[in-house]
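These are my notebook entries on a single structure. I set down what I looked up, entry by entry.

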Amino acid sequence: MNPWPHIPEDVVAWYRDVFAEANRRVCERLVNLPNVRETSLDDGLIEALIPEAAPTLLPSGAIVRMDTHNVGGLLRTGWPRWEPPFVRRWETADIAVLVFVYRGETLIAKKIGLLQTKRLYPDNNDVEDDEDEFELFAGMNRFIRREDKQAIGALHLHFSFSEDSVYGAMRAGSRQIQVIDALNRDFGKAVYYLFYNPHEIPVSISYPIKERIRLDRPAIGCRVLDADEVHQALTGLKGGDSPTYTTLTQAASASNWRLEAWAADLLLTCQVGEQFDASREERVRYFLERRTGPIGAALAVSITLPDG
């Protein structure tokens, strides 16, 4: 496999800014909708990157672009192979980030980084459920057939995030952890965790909100952690328990990167993720398309290096 090419600094800076804005927007969505579905945060990340899809010429002469693909929806449940009662299908990762480097018209290098996403739950654990397939199949009936009286409690809610808040969809001893370990062992360390957090901790949000919360640069926000460090932290928990914010923060001594640092400063410069060529392409296709269903979203980062 060829050595990874040098990436111009303005390319790294461009991608850093793009992912920093995505970090800000996803974090803003979380604090304004504290019980939002985790998959809606995945969608928000992709939506924030779409405006940067057009090819862009940078001062170095490099051209950058970003293609996005988001499937989501029913492919997370069991379709087209239904298994009563519509068992949910999870994947090794939720978001794939692929990097393609060109010199002129020739593709000279490519690599992949995979993100398994988990959101921090508020202390009351009130989070909309991604796993309610029966509600999903009810479709528009959920919106049309309302109760005659509205539960006033639904309008007056309080959400608090603290260092003891948990990543409720992550469980010690789960099979997903075993599969991620196997993939990182057999293919190389490609899977990392992306944790959706509020902009600061502790923080409290109350419904009804009086005005939309606006953020600048979140102090915490979207963080990427090394899967080995995360899984090591989980070994100290009882089976089925979820890790707290503090548990993972203390365990992540070598990682705990901001999303934009992982994507630009590390992935583009080949410090994280796995490089691949034609001999490994079938494995990459398997990650993205086969397994029990396709990964929910993919980002294709393309870099055309300057002449000379």
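**Entry 1: nonpolar cores.** In this predicted model, I began with the largest nonpolar core, which has 45 residues. I looked up which members touch the most other members, and they are V11, Y15, W262 and I303. I then noted the elements that each supply at least two residues of this core: α1, α2 (38-49), β2 (63-70), β3 (95-103), β4 (106-119), β6 (191-196), α8 (259-267) and β11 (297-305). Helix α1 gives the most, with nine residues. A second, separate core holds 36 residues, including A96, L248, V284 and A300.

**Entry 2: W262.** I listed the contacts of W262, leaving out residues up to four places away in sequence. They are V97, G113, L115, Y192, V224, W257, L267 and V272.

**Entry 3: V18.** I located V18 in helix α1, which spans residues 9-32. Is V18 buried or exposed? Its relative accessibility is 7%, so V18 counts as buried. Beyond four places in sequence, V18 touches L49, E52 and M66. I also checked V18 against A48: the two are 30 residues apart in sequence, and their C-alpha atoms lie 8.5 Å apart.

**Entry 4: backbone geometry.** As a reference, I recorded that most residues other than glycine have a negative phi and that most peptide bonds are trans. I found a cis peptide bond between I201 and P202, with omega about 5°. P202 sits in the loop between β6 and β7 (203-206). The peptide bond from Y207 to P208 is also cis, with omega near -5°, and P208 belongs to the loop between β7 and β8 (223-226).

I next looked up positive phi values. N125 has phi near 55° and lies in the loop between β4 and α3 (133-138); its relative accessible area is 46%, so N125 is partly exposed. For N256, phi is about 60°, and the residue is in the loop between α7 (245-251) and β9 (257-258). N256 counts as partly exposed because its relative accessibility is 23%.

**Entry 5: Q275.** I placed Q275 in strand β10 (residues 274-275). Its relative accessibility is 14%, so Q275 counts as buried. The side chain of Q275 reaches the backbone oxygen of N2 at 2.9 Å. Outside four places in sequence, I found Q275 in contact with M1, N2, P3, W4, A109, K110, K111, C270 and R280.

**Entry 6: salt bridges.** My search of the whole structure gave 14 salt bridges. In one of them, E9 pairs with R16, the closest N and O atoms being 3.6 Å apart. E9 is exposed at 51%, whereas R16 is partly exposed at 25%.

Which residue forms a salt bridge with K189 at 3.0 Å? The partner is D226. This pair links distant parts of the chain, 37 residues apart, with K189 in the loop between α5 (175-186) and β6 and D226 in strand β8. K189 is partly exposed at 28%, while D226 is buried at 11%.

K189 also meets D228 in a salt bridge, 2.9 Å from N to O. D228 is in helix α6 (residues 227-234), so this pair ties together parts that are 39 residues apart in sequence. I recorded D228 as partly exposed, with a relative accessible area of 41%. Finally, I noted a network in which salt bridges with shared partners join E21, R24, E28, R212 and R214.

Notes
Residues are numbered from 1 along each chain as its sequence is written. This is a predicted model: local features need pLDDT of at least 70, side-chain atom pairs count only at pLDDT 80 or more; totals for chains, interfaces and linings use all residues. Side-chain values use heavy atoms; hydrogens and water are left out. Helices (H or I, at least four residues) and strands (E, at least two) are DSSP runs, numbered from the N terminus. Buried means under 20% relative accessible area, exposed over 50%, partly exposed in between (1.4 Å probe, protein chains only). Contact means heavy atoms within 4.5 Å. A nonpolar core is a set of buried Ala, Val, Leu, Ile, Met, Phe, Trp, Tyr and Cys residues joined through side-chain atoms within 4.5 Å. A polar contact is a pair of N or O atoms within 3.5 Å; within protein, one must be able to donate a hydrogen and the other to accept it, and residues adjacent in sequence count only if both atoms are side-chain atoms. A salt bridge is a side-chain nitrogen of Lys or Arg within 4 Å of a carboxyl oxygen of Asp or Glu.
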